[in-house]
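Reader: I would like to go through this structure with you. Could you start with the terms and then take my questions in turn?

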Amino acid sequence: MSFFGKLFGKKEKESLDQGLQKTKEGFLSKIGKAIAGKSTVDEEVLDSLEEALVGADVGIETTVRIIERVEKRVAKDKYMGTGELNRILQEEIEGVLVDAPSGASYTFESELPAKPYIILVVGVNGVGKTTTIGKLAYNFKKAGKNVLLGAADTFRAAAVDQLTIWSERVGVPIVKQGMGSDPAAVAFDTAQSAVSRGSDVVIIDTAGRLHNKAHLMDELHKIKRVIQKFIPSAPQEVLLVLDGSTGQNALEQAKHFTAATDVTALAITKLDGTAKGGVVLAIADQFKIPVKFIGVGEKMEDLLVFDKHEFVDSLFSLDK
């Protein structure tokens, strides 16, 4: 079973199933006809499986890797039934998803690897970055954690305002300065405040610009450096937020941000409104970065800690 075991309860599973429904329907409609009435897995079934994975935006490279792995296992048993294909498909898809290092695995409820645990959030404007920060704050606070927000996206007045609204809505403090302030100065103030307040979790928003990668890289490095002056081991996490509904475009964004900074984890948003949920696999496989959180709805509880076993079961089970 997964690392999270019983923490991934019935309610979370229902949210996940519902949130991934569009991708699931598209996937099953393509593969369902191919396996209907078949007792063994043949070339036609594998071709349909390949088409279904590409259609779910798993991406060509990752799809080919999964199909090759399935083919090897099918070749060992020429009379493999379609029921066994279900189990093997899920095992091989799980195999391409990267686990977080054991020291960096946590849930909202579990004890965090460091205190304060500083999460630097990166991602382009419009992907749901600020909303994700708000939902993270809500879920950590609900689990009994002392949360602090830092508004270091100072180039967009709306970004500071939005984060302030979330801090009030969730009931957690925020460190901010005026628009145009030095983002690194805000980050330093946030780290200082976190230590004096005894915060458990610190979530710092950063600017979402991609047009000038060198500038973005300099800014993120500077933010990291000033935080480390106060807390040498921080930030413990650099979380890249990507919009799952943009499919392959999310892959492009991941390329830019992984080149600009050391991304340690991913949050994939807006999976409930798309049939492209398979992009989660493509991103995790291509960049070898663990997915930590997925957004499957509008409610604050609809930001789920990613459980690869449950995700694959919800999305790629052929018998549902």
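Author: Buried means under 20% relative accessible area, exposed means over 50%, and partly exposed lies in between, with a 1.4 Å probe and protein chains only. By that definition Phe-311 is buried, because its relative accessible area is 0%.

Reader: What kind of model is this, and how are residues numbered?

Author: This is a predicted model, in which local features need pLDDT of at least 70 and side-chain atom pairs count only at pLDDT 80 or more, while totals for chains, interfaces and linings use all residues. Residues are numbered from 1 along each chain as its sequence is written, and side-chain values use heavy atoms, with hydrogens and water left out.

Reader: Which residue forms an aromatic pair with Phe-306?

Author: Phe-311 does; the pair is tilted, at 5.1 Å centre to centre and 55° between the planes. Rings of Phe, Tyr and Trp (its six-membered ring) pair if their centres lie within 6.5 Å; planes under 30 degrees apart count as stacked, over 60 as edge-to-face and the rest as tilted. Phe-306 is buried, with a relative accessible area of 7%.

Reader: How many aromatic pairs are there by this rule?

Author: The count comes to 8 aromatic pairs. One of them is the tilted pair of Tyr-106 and Phe-293, with 6.3 Å centre to centre and 55° between the planes. This pair links distant parts of the chain, 187 residues apart: Tyr-106 is in the loop between helix H5 (82-96) and strand S1 (117-122), and Phe-293 is in strand S7 (residues 291-295). Helices (H or I, at least four residues) and strands (E, at least two) are DSSP runs, numbered from the N terminus.

Reader: Moving on to charges: how many salt bridges are found?

Author: A search of the whole structure finds 20 salt bridges, a salt bridge being a side-chain nitrogen of Lys or Arg within 4 Å of a carboxyl oxygen of Asp or Glu. Among them is Lys-13 with Glu-310, whose closest N and O atoms are 3.1 Å apart. That pair links distant parts of the chain, with Lys-13 in helix H1 (residues 10-19) and Glu-310 in helix H12 (residues 308-316), 297 residues apart. Both Lys-13 and Glu-310 are buried.

Reader: Which residues are linked in a network of salt bridges?

Author: The network links Arg-69, Arg-73, Arg-87, Glu-91 and Glu-92. Within it, the closest N and O atoms of Arg-73 and Glu-91 are 2.8 Å apart; Arg-73 lies in helix H4 and Glu-91 in helix H5. Arg-73 counts as partly exposed because its relative accessibility is 23%, and Glu-91 is also partly exposed, at 36%.

Reader: What caps the N-terminal end of H8?

Author: Asp-182 does, through a side-chain oxygen that lies 3.1 Å from the backbone nitrogen of Ala-184. Asp-182 also forms a salt bridge with Lys-222, the closest N and O atoms being 3.1 Å apart. Lys-222 lies in helix H9 and Asp-182 in the loop between strand S3 (174-175) and H8, so the pair ties together parts that are 40 residues apart in sequence.

Reader: And the helix itself, how many residues does H8 have?

Author: Helix H8 (residues 183-197) has 15 residues and reaches 21 Å from its first C-alpha to its last, close to the 21 Å expected; the expected span is 1.5 Å times one less than the number of residues. Its buried residues include Val-186, Thr-190 and Ala-194. Gly-198 follows H8, and its phi is positive, near 75°.

Reader: Where are the cis peptide bonds?

Author: One joins Lys-115 and Pro-116, with omega about -5°, and Pro-116 is in the loop between H5 and S1. Another joins Ala-234 and Pro-235, with omega about -10°; Pro-235 is in the loop between helix H9 (213-230) and strand S5 (237-243).

Reader: Which residues other than glycine have a positive phi?

Author: Asp-57, with phi near 70°, and Lys-270, with phi near 60°, are among them. Asp-57 lies in the loop between helix H3 (43-55) and H4 and is buried, at 14% relative accessible area. Lys-270 is in the loop between strand S6 (265-269) and helix H11 (279-287) and is partly exposed, at 32%.

Key. Polar contact = N/O pair within 3.5 Å; in protein donor to acceptor, adjacent residues only side chain to side chain.
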